[in-house]
Each structure stands twice: as C-alpha cells, then as structure tokens.
Amino acid sequence: MKSGEKLVLGIEGTAWNLSAAVVSMKGVIAEAESTYTPPSGGIHPREAAQHHSANIGEVLDRVFNTASSEGVLPEDLSAVAFSQGPGLGPCLRTVATSARALSLTLGIPLIGVNHCVAHIEVGRWNCGMRDPVVLYVSGANSQVIAYRRGRYRVFGETLDISIGNALDKFARYVGLQHPGGPKVEKLAEPAEEYVPLPYVVKGMDFSFSGLATAARDAFDAGAPLGNVCRSFQETAFSMLVEVGERALAHCGKSEMLLVGGVAANRRLNEMLSLMCEDRGARFDTPEDRFVRDNGAMIAITGLIMLENGITTPVEASAVNPNYRTDEVEVTWID
Ligand code: ATP
Ligand code: FE2
C-alpha cells in the first residue's frame, strides 16, 4: 500500500459511459471503462443501464487488477465514490447499487458525487486552479458557473438546448454522423465566409435553438456547408465568450476553466484564451481524458469531499436524476 495517502475508487455511469478509477491526490493509479453504443439513433436509458449492469463486474475487475499491479489492494481504499446524478435514472441506479455493495463489503464510506461538480473538480485539480469561472459545455449542459458563499452558482445558462446538442442536431440534419461537434469543427476550419446567424444573449443567459434552425435554413438555401459550420461556431462561441467575460468581471476572478465535451474544440479554446489574455486572466482546460466523462473525475471529487469530512450514509444515497450543480454544499474552496 502507498504510505499514508488516501485512495478513493470512483465509479461514473450517468449515461453512455461506464468507468471506474482509483486515484490519490497525486494522480490516477488505475482506470477502466466500457462504453455503451446504441445500435442506432439516441441513447435508450434502460438499454444503457443493462449495458452497465452486464459490464460493471468486468470493469471493476480490470481496475482492481491494474491497481494491484501498482501495489494497491481493495483494502487500501479509503472510500467508494459514485455518480449520484444528474443523469439517466436506470443507469444511476445500477452504479449506485454496485457502489453501496462495495462500500459495505470493504467497510469504507460511500460518497455520492454530483456529476457536474465532478467535471469542475477534476478540471481544477488537473489545471491547478483555485477559484475559477467555469464554462461547462457538453451534450447536455451549457452553464457559466462560479463559486460564491458555499456553492457553485450558475451565473448563466442556456435558455433552451445545450451547445453540444445544437451542434449534434445541426450535424445530423446535414447528414453528418454523431457526435457532430468534431465534424463541424473540421469543416469549419478551411472556410472563410461568414453567413449571418442569430446571436442571442439575454442578460447572462444564451440560446442556441434559433441558431441551429437558422443554420439549417442557410444550408437549405444553398450556403456552402463549411461556411455554415464556421459561422455556427463563431456565433455560438462568441456568445459563450461574452457571458464568460462578464462573469469574470462581475465575480472579480482571475481564472477561467473550460470543461465538458465541447472543450475539445480548438476554436473555442482559442477565443477564450484571447479574451483571458486581454483581461490578464489565466485560461486552461483539462487533458482530453479528464474532459469527457470518466471515473477519475468522480474519484477525485470523492477524495476532496472525504478530505473535508463529507460522506454519504447509505440511507441518503438514493440517486437524483435532476441533481443540480448549486444543490451541492461546497466546503473546500474557502
Ligand atoms: P454531460 O452529461 O456532462 O452533459 P455528455 O454526456 O454530453 O456530458 P460529453 O462527452 O461531455 O458528454 O459531451 C459530448 C458533446 O461534446 C457532444 O455534443 C459532442 O458533439 C461535443 N464535442 C465533442 N468534441 C467536440 C469538438 N471538437 N467540438 C465541438 N463539440 C464537440
Ligand atoms: Fe459529463
């Protein structure tokens, strides 16, 4: 066993990705995953949950085997963390059941982790940030978040669909395969002409639904696909940069962290990094492996919570498919 370090097992399974990792504050010791791929169309919650229950044993075996080759045995773990929500109910329940069983068998605490907070915590940990404004952009979420008085507060968010969903919908319409974000990014790169599209920021909130429809209309009217992709990105990302900049100014913070699947986009990174440079703020985004859904983000957040004396009694460990970011009491920033 590693001397004196706390070690936590984290299990993620809010949607299509089932993964487990053992971490210490120094890094990831072992990880394993299994991904549910729907035969066609969208994700079906019950089928995804069946995938998780059929594969969780094998995923845990792999993570324990790798950990033991690193000298870490199950009895060396200090806690078991799991994704308690938000997410698909049947998937969450499968993962929670396994986590409870492990916690009882090993006689160690259980820690229910909010999936969105975990995206933030793994980003802060990986990028070495203390108190950033967070832009969380994924297939299900688009939020501008900052810590204030014991909670991660949502300062701005989408009024309709998320940016990732808008990109995926548009991509599907023009015949590109899921996930659409990376394909739109590629097509946008060489394009030069801008097609005017609606820019919608209301206070600190933004909207992508009208933009996605207008982009479809522009494509139907014969605008070259590359130009529409480029214009889609420029318009949507400018909206995110505007609100992100206002959050930095309003909160008086000097760090900006980009997390969620859309954080892989190079143009979005470039635009945010230019804005931060202008303001003298630090900009960063975690390594790819910590950006998409992963077990390490649950484990790291569980570890931070454990260090702060927060654990979840079994009777309070019911999953919460609508668990909001600002419901979590954050005691570890101040
Ligand atoms: P969450 O549950 O946290 O909302 P998720 O299930 O949506 O996460 P993620 O992997 O965080 O999963 O995000 C997936 C989204 O990221 C998809 O909409 C995809 O199109 C988008 N995406 C991935 N790569 C890129 C890219 N290079 N540019 C733009 N969007 C991207
Ligand atoms: Fe996620």
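Strand 11 (residues 255-259) pairs with strand 12 in the parallel sense, over 3 bridges; strands (E, at least two residues) and helices (H or I, at least four) are DSSP runs numbered from the N terminus, and two strands pair if DSSP finds at least two bridges between them. The model is predicted: local features need pLDDT of at least 70 and side-chain atom pairs count only at pLDDT 80 or more, while totals for chains, interfaces and linings use all residues. Residues are numbered from 1 along each chain as its sequence is written, chains are lettered from A and ligands numbered from 1 in the order in which they are written, and side-chain values use heavy atoms, with hydrogens and water left out.

In strand 12, aspartate 284 stands opposite leucine 257. Both strands belong to an open sheet of 5 strands with mixed pairing, in the order 8-7-6-11-12. Strand 8 (151-157) and strand 12 (282-284) each have a single partner strand, so one side of each is left without a neighbour in the sheet.

A second open sheet, also mixed, has 5 strands in the order 3-2-1-4-5. Its edges are strand 3 (27-35) and strand 5 (110-114), each pairing on one side only. Within it, strand 1 (residues 8-12) runs parallel to strand 4 (residues 79-85), joined by 4 bridges. Glycine 10 has alanine 81 in strand 4 as its bridge partner.

Axes are lines fitted to C-alpha atoms, for helices over the stretch in contact, and angles run from 0 to 180 degrees between N-to-C directions.

| Helix 8 (residues 266-279) | strand 6 (133-137), strand 11, strand 12 | about 170° with strand 11 |

His115 (NE2), His119 (NE2) and Asp293 (OD) coordinate the iron ion (ligand 2) at 2.1 to 2.2 Å. Donors are N, O and S atoms within 2.8 Å of the metal (3.2 Å for Na, K and Ca); water is not among the atoms, so sites may look incomplete. Along the chain, the donors of the iron ion (ligand 2) follow the spacing H-x3-H-x173-D. Histidine 115 is buried at 6% relative accessible area, and histidine 119 is buried at 2%; buried means under 20%, exposed over 50%, partly exposed in between (1.4 Å probe, protein chains only).

Methods
Contact = heavy atoms within 4.5 Å.
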